[in-house]
Amino acid sequence: MKRLTEAAALARLRRGKAAFQTHIKLNFEHAARACAACPTPGVCCTDAHFVNVHVTRLEAVAVRETIERTPRLDAAARRTVFTRARLAVARYKLSAAGDTFAQTYSCPLFAPGVGCLVHARAKPAPCVAHACYEDWRDVPPAALQWREESRIERLNEQAYGAAWAWLPLPLWLTLLDPSSDGTELARLTRLWSSRRHAPAHDRARPATRRSLPVVAF
Ligand code: SF4
Ligand code: SF4
């Protein structure tokens, strides 16, 4: 497999995510409920009993760069995002061990009144695919998300070899926190690098593979 620098993989990730987001928007979102009219805006991001969005190392780098560059946030607000991620890791006991898809949390990237802080530039694939639909037949096919996630996995392999994993989003944010000393990421990198294969999604366990809810109304 052709190796890529992180910067090159990041550029490809962004192009692919933008295309995926445009495809969902043009072909599916017209049938979805308008978030602006939602009686409980953001519940899809903050329901700690349900949200288990996972991202890869490369996506987490894209999230970190988006948070660091967005003009919406000043330095203190940027730090608050990483603090919220750290608090989520502690509160919901998020860990890289075991069945990580069973771990749920309230997403630290949701800002009341603003919405998803990475909506335009670094939104995770399940979040891009998610909306509230009245009719299940209007919901984007799961295969679209899987195809996007396979593409993301390949980019991670090209950038990091086996030294990455799908992890709960707040955990990755904490590992890549600019103020972190990098000890935990170095430990996990050694662990992942000792595996024979890169960690693709375990699609054989759909019962534990949840994404955001699709709410009928
Ligand atoms: S996706 Fe659904 S729950 Fe989330 S803000 Fe939009 S309408 Fe509300
Ligand atoms: S990444 Fe954005 S869209 Fe996804 S759960 Fe977090 S705030 Fe919501």
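This is a predicted model: local features need pLDDT of at least 70, side-chain atom pairs count only at pLDDT 80 or more; totals for chains, interfaces and linings use all residues.
The chain contains eight helices and four strands. Read from the N terminus, these elements follow the order α-α-β-α-α-β-β-α-α-β-α-α. The chain comprises 217 residues, of which 32% count as buried. Among the contacts in the chain with a separation of 6 or more, 85% are formed by residues 24 or more positions apart.

Two packed helices are described by the angle between their axes and by the distance between those axes. For helix α1, which spans residues 6-27, and helix α6, which spans residues 142-160, the angle is about 175° and the axes are 9 Å apart. Angles over 145 degrees count as roughly antiparallel, and α1 and α6 are therefore roughly antiparallel to each other. On the α1 side, the contact involves E6, A9, R12, L13, G16 and F20. These residues meet E148, R151, I152, L155, Q158 and A159 of α6. By class, the residues of this contact between α1 and α6 comprise six nonpolar, two polar and four charged.

The surroundings of ligand 2 were also examined. Ligand 2 is surrounded by C45, V51, V53, C107, L109, F110, C116, V118, K123, P124 and C127. The shell around ligand 2 consists of 10 nonpolar residues and one charged residue, with no polar residues.

Definitions and conventions: Residues are numbered from 1 along each chain as its sequence is written. Chains are lettered from A and ligands numbered from 1 in the order in which they are written. A residue is near a molecule or strand if its C-beta atom, placed from the backbone, lies within 6 Å of it. Ala, Val, Leu, Ile, Met, Phe, Trp, Tyr, Cys and Pro count as nonpolar, Asp, Glu, Lys and Arg as charged, and the others, Gly among them, as polar. Axes are lines fitted to C-alpha atoms, for helices over the stretch in contact, and angles run from 0 to 180 degrees between N-to-C directions. Helices (H or I, at least four residues) and strands (E, at least two) are DSSP runs, numbered from the N terminus. Angles under 35 degrees count as roughly parallel, over 145 as roughly antiparallel, 65 to 115 as roughly perpendicular and the rest as oblique. Two residues are in contact if their C-beta atoms, placed from the backbone, lie within 7 Å. A residue is buried if 20 or more other C-beta atoms lie within 10 Å of its own, exposed if 12 or fewer, and partly exposed in between; C-beta atoms are placed from the backbone.
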